[in-house]
Amino acid sequence: MRQRRYAATVAVLGTIGALLAGCGTTVTGTGIADPSSLAAMLDTGAYAKTKRVIESPTAAQGRLLELRRMLEVMPLASDSDPSIKYSNSVDSVSTDSLRLAYGSGIGTALSGMQFGVAVDARAQLPSRSSVTGGEFVTTLVRMASDSDAASAVASPQVMAADEPLFGTASPPKVPTDVGVPGAKAYTQTFSDSPPATIALLAHGRFVIAVYARRVRDGAVRSFLQQQVKALDGFTPTPDDELASLPADKDGIAALTLAPSRITVNTYGWSTPRGLLASMTDMTTGQKDFDDAGVDLIGLGANNVYRARDAAGAKLLADRYIAESKQYYPGGTVFTVQGVPDSSCYPLETALVTLYYCVVPVGRYLSEFSGPQRDDAQQATAAAYLILEGRSEKGRCIRPCSPDRRSRQRMRSSAPPKEIEISGAARLLVAVGMLLLLAACSTTVPGVPVAAPAFLAVDTGAYAKGPRTLPPVDAATGATLEAGRLAEVSPLPIDVDPRLRYHGNGYIGGPASLGLGLSLDQSVADSVGAFQLGFEVSANDTPAGSTDGPDSTKLDQTQQFVGAVLRMSTPAAAARAAASPTFRRPSTDRSQPAKVTATVPGFAAAQAYSIAWQYSRPSVTAIVASGRYVIAVFTTLPPASVATYFTRQIAVLKSFSETPDDKLTTLPADSGGVVALTLRDKDVSAWATPRSDVGRWDDVVAARKMESDAGVDVVGYGKDTVMRAEDAAAATHLAAAVLALYQKWYPTGSSVTVRGLPGAPCFSYKQYKGADSTKSVCAVASGRYVATYTSGQPDDAKQAIGAAYLILRQAR
């Protein structure tokens with residue numbers, strides 16, 4: 001069974017198909033199911049019913065195909081430690097994901113990588129529970145050249161202290177020897193867990209990385225040695241030939257369902273060896289492949305396995321269902337109505353239920369899993385029709401049905417047979433008779449068949465499908481570059497751990513940042529025209545803890561607002577930071593006088609304080625660094641301003657900015673998450689959790705939720721879309737978001753939305769006596785979560801309804 005990403009009936013259908021074809025003609029004999037008639041009767045939802053055309057790969061898709069070639073030569077973790085036999089995940093890697101997995105040091109050292117793939121294996125079955133067994137994460141990264149690989153491993157960044165992760169300092173690195181010449185290795189002890197060993201080795205143009213904990217002695221050395229030997233026999237595809245790699249083999253990929261998101265796990269094809277790292281139990285997976293004679297696998301929204309023969313495909317189906325029952329006991333096997341030999345099983349975890357379905361057709365087996373039972377059944381029905389169909393050459397994938405003349409002979413010679421009809425078959429007969437009578441223009445009173453629930457969703461004026469992003473223009477490029485800068489910049493909580501609540505973040509050009517409102521008009525007047533920038537803010541007052549805008553708690557709230565603004569030149573930044581306009585008295589006569597202040601260690605900074613009558617005194621400061629202006633408004637002491645300045649300037653010195661004339665070349669999307677958001681004329685951007693958590697009402701809670709869910713990218717439109725590691729994590733994340741607001745506002749109420757599962761919205765008043773309510777909504781579909789907040793209940797329902805329909809299309 002692949003690691004999941006989270007006969008009487010047929011005869012009856014054949015008879016109905018014949019009746020529909022003849023309408024009034026009496027036919028005796030045993031009917032034979034024909035895909036053309038089944039296609040009209042099976043519920044396949046939005047899935048195509050015929051095989052797809054696999055186009056020649058793009059350069060990006062060529063890299064995914066090369067990653068599959070690399071997986072072919074990556075040793076299995078179980079080859080180095082037999083106890084590490086369960087797959088947790090297989091995925092392509094980026095610099096950001098390497099920073100999360102191995103620390104900022106290795107992530108920085110490998111920043112020049114071309115592409116890579118990682119396998120996370122464990123000594124226990126994958127689950128949402130804590131990891132108590134062995135962990136073995138192996139990564140193969142391709143660099144541009146041999147020298148680049150050698151330089152990356154030799155980089156001092158590898159052994160340098162890692163940056164704090166989610167506000168927690170990384171443990172020190174203790175050098176160690178793993179017994180492989182040329183390898184650079186160290187240990188780190190996280191929390192109360194045993195030490196983890198991290199090793200890096202260059203071989204040719206590749207860098208091999210290993211993270212191991214609770215594994216047997218010598219496992220890291222064994223893996224590195226095996227990987228080196230395997231790479232010696234591997235020929236990398238030249239850069240300019242990646243798009244020439246075959247996207248399909250023997251038509252196997254064309255038999256899969258089209259994925260909405262192309263990844264290393266959903267694109268192309270694989271041999272059994274290349275897919276073993278993705279099997280729930282790698283050891284069992286090898287035996288299953290051998291026993292069934294599997295020689296090829298197509299990758300798409302489902303997997304299609306090619307076995308030795310029909311018996312092998314049936315064996316594989318039985319094995320996979322049996323293994324599912326073993327791994328997730330307590331469920332009941334069910335079938336897909338009208339699909340012969342189909343089997344499905346609910347994989348019930350503490351957080352979510354995934355529906356896993358298989359169907360063998362001839363020597364092929366389709367395998368699909370998802371969090372929605374209807375979707376899993378629709379996908380399996382569509383897969384059945386595709387596998388049951390004929391190839392372009394007219395060759396049947398399973399034994400061909402008799403041709404027209406053979407059927408005529410059967411009808412004229414075979415005596416009538418009584419057909420024992422099961423309950424499910426009776427339902428199909430009823431449906432078939434309705435179709436028959438409709439074809440004969442006969443009116444039959446009765447109960448109408450209910451449409452799928454999601455078809456009843458009220459989306460108002462919101463679009464119901466993913467959007468096509470326009471080319472990046474200057475304004476969008478400025479927003480994307482501001483987002484890049486915000487990704488690596490400190491948050492208020494990094495200045496003072498109390499500043500964890502009511503986080504806000506804005507990125508973009510002058511029109512997107514209200515400097516006069518968030519900081520002070522003196523900052524806006526001093527800076528004038530700037531190219532792009534960002535603002536972050538937070539305070540120390542928990543959500544739901546005040547009695548309204550006049551609460552005395554607000555008077556004592558600690559606040560912090562930081563902004564970084566990119567000017568046209570360093571000279572322009574220096575002029576802005578030194579502008580006399582900054583200290584001029586306010587035109588608002590009700591505002592107390594400005595008193596000159598100093599920021600420790602920053603003699604060039606301008607600063608002033610104001611003693612407010614009903615709240616804490618504040619400090620506003622401004623300083624230049626290169627072509628950037630850094631500004632702060634806070635109720636904290638000037639020393640906190642100095643801390644922010646110091647950290648931000650250090651970031652700017654190492655930040656690789658995008659040149660002005662290259663802003664329009666920045667990627668408008670990452671992983672397709674922006675295309676899944678609701679269109680907003682002002683917002684179209686994406687981020688990683690590093691900066692996204694700063695926009696939550698509780699930064700600490702957000703860090704934990706997104707980390708637990710494995711969120712790797714976030715898209716912004718009128719709503720927010722987060723991509724979790726799998727469907728189970730996404731479902732848990734959506735529930736966790738709503739649970740936060742239920743905790744903060746216990747007098748609020750859950751709200752259902754017609755056509756959506758559960759109660760995806762929560763309505764609440766921000767404080768006692770508030771005139772209006774707010775609605776926060778969160779819904780999951782697949783591995784994605786959409787969130788939306790509005791002061792209009794109907795708008796919230798329509799927006800989250802549209803968001804749900806969009807996410808349903810991102811299988």
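1. On the basis of the note: because the model is predicted, local features need pLDDT of at least 70 and side-chain atom pairs count only at pLDDT 80 or more, while totals for chains, interfaces and linings use all residues. Residues are numbered from 1 along each chain as its sequence is written, and side-chain values use heavy atoms, with hydrogens and water left out.

2. On the chain as a whole: the protein chain holds 24 helices and 27 strands, these being DSSP runs numbered from the N terminus (helices H or I, at least four residues; strands E, at least two). Of its 811 residues, 52% count as buried, where buried means under 20% relative accessible area, exposed over 50% and partly exposed in between, with a 1.4 Å probe and protein chains only. The accessible surface of the protein chain comes to about 35700 Å², and 53% of this belongs to carbon and sulfur atoms; such areas come from the Shrake-Rupley method with a 1.4 Å probe, and for residues only the protein chains shown count as cover.

3. C344 and C357 form one of them, with their sulfur atoms 2.1 Å apart. C344 lies in strand 11 (residues 343–348) and C357 in strand 12 (residues 353–361), so the pair ties together parts that are 13 residues apart in sequence. The torsion about the S-S bond of C344 and C357 is about 110 degrees, so this disulfide is right-handed, and both cysteines are buried.

4. On the other disulfide: the sulfur atoms of C761 and C777 are 2.0 Å apart and form a disulfide, which joins strand 25 (residues 761–764), where C761 lies, to strand 26 (residues 774–781), where C777 lies, the two cysteines being 16 residues apart. The link of C761 and C777 is right-handed, with 105 degrees about the S-S bond. C761 counts as buried because its relative accessibility is 2%, and C777 counts as buried at 0%.

5. On helices 9 and 10: the axes of helix 9 (residues 282–292) and helix 10 (residues 310–327) come within 8 Å and cross at roughly 155 degrees, where axes are lines fitted to C-alpha atoms, for helices over the stretch in contact, and angles run from 0 to 180 degrees between N-to-C directions. Helix 9 and helix 10 are therefore roughly antiparallel to each other, a term for angles over 145 degrees. The contact (heavy atoms within 4.5 Å) includes T284, K287 and F289 of helix 9 and L315, L316 and Y320 of helix 10.

6. On helices 22 and 23: helix 22 (residues 699–709) and helix 23 (residues 727–744) pack at an angle of about 165 degrees with their axes 9 Å apart, which makes helix 22 roughly antiparallel to helix 23. A701, M705 and A709 in helix 22 meet A729, L733, A736, V737 and L740 in helix 23.

7. Not counting residues up to four places away in sequence, G505 touches E535 and R695. S640, in helix 20 (residues 638–654), is buried with a relative accessible area of 12%, and, leaving aside its neighbours within four places in sequence, S640 is in contact with V495 and F560.

Technical notes. Disulfide = S-S within 2.5 Å. Parallel < 35°, antiparallel > 145°, perpendicular 65-115°, else oblique.
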